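Take a look at the fold below before reading on. The text walks through it from overall makeup to single side chains.

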Amino acid sequence: MAVDITLLFRASVKTVKTRNKALGVAVGGGVDGSRDELFRRSPRPKGDFSSRAREVISHIGKLRDFLLEHRKDYINAY
């Protein structure tokens with residue numbers, strides 16, 4: 001059974017914003033570009049695992065597209 005917790009979530013967000021404002025914590029999305037700073041990629045070199053993982057994800061996507069394109073060849077409607 002699903003329970004709607006939207007009001008609880010909104011109250012939590014409001015509490016965090018109020019606390020941050022009281023403490024003087026900078027909130028992202030301002031004119032100073034602090035939000036962009038959060039999403040900047042790290043300058044560390046990419047390892048073999050990361051490149052291989054991206055390659056595997058790419059292959060999975062290609063296989064998914066192939067199966068969707070040829071779906072009726074694999075699915076028996078009867």
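**A walk through the helices**

D65 is partly exposed, with a relative accessible area of 45%. Its side chain takes part in a salt bridge with R64, where the closest N and O atoms are 3.8 Å apart. R64 counts as exposed, at 52% relative accessibility.

Now step back to the whole chain. This is a predicted model. The mean pLDDT of the protein is 80, and 73% of the residues score at least 70. Helix α3 (residues 48-69) has the highest mean pLDDT, 92. Helix α2 (residues 34-39) has the lowest, 59. Where pLDDT is low, the predicted coordinates should not be read in detail.

What does the secondary structure come to? The protein has four helices and zero strands. From the N terminus on, the order is α-α-α-α. The accessible surface comes to about 8,200 Å². Carbon and sulfur atoms hold 60% of that surface.

How far apart are its end C-alpha atoms? Helix α1 is hardly covered, with one buried residue among its 18. G24 follows α1 and has a positive phi, near 80°.

The side chains of E55 and R52 meet in a salt bridge, at 2.9 Å from N to O. Why can these two pair up along the helix? E55 and R52 are three residues apart in α3, which means about one helical turn separates them. An α-helix has 3.6 residues a turn, so residues three or four places apart point the same way. E55 is partly exposed, with a relative accessible area of 39%. R52 is partly exposed too, at 46%. In total, the count comes to two salt bridges.

Finish with the nonpolar side chains. Which residues make a nonpolar surface patch? F66, L67, Y74 and I75 do, and the patch covers about 430 Å². I75 lies in the segment after α4 (71-74). Is I75 buried or exposed? I75 is exposed, because its relative accessible area is 52% and the cut-off for exposed is over 50%.

How values were computed. Residues numbered from 1 in each chain as written. Heavy atoms only, no water. pLDDT = per-residue confidence, 0-100. Areas by Shrake-Rupley, 256 points an atom, 1.4 Å probe, with all protein chains shown as cover. Buried < 20%, exposed > 50% of the residue type's maximum accessible area, 1.4 Å probe, protein only. Patch = residues over 30% accessible without salt bridge, like charges linked within 9 Å, V, L, I, M, F, W, Y side chains within 5 Å. Salt bridge = Lys/Arg side-chain N within 4 Å of Asp/Glu carboxyl O.
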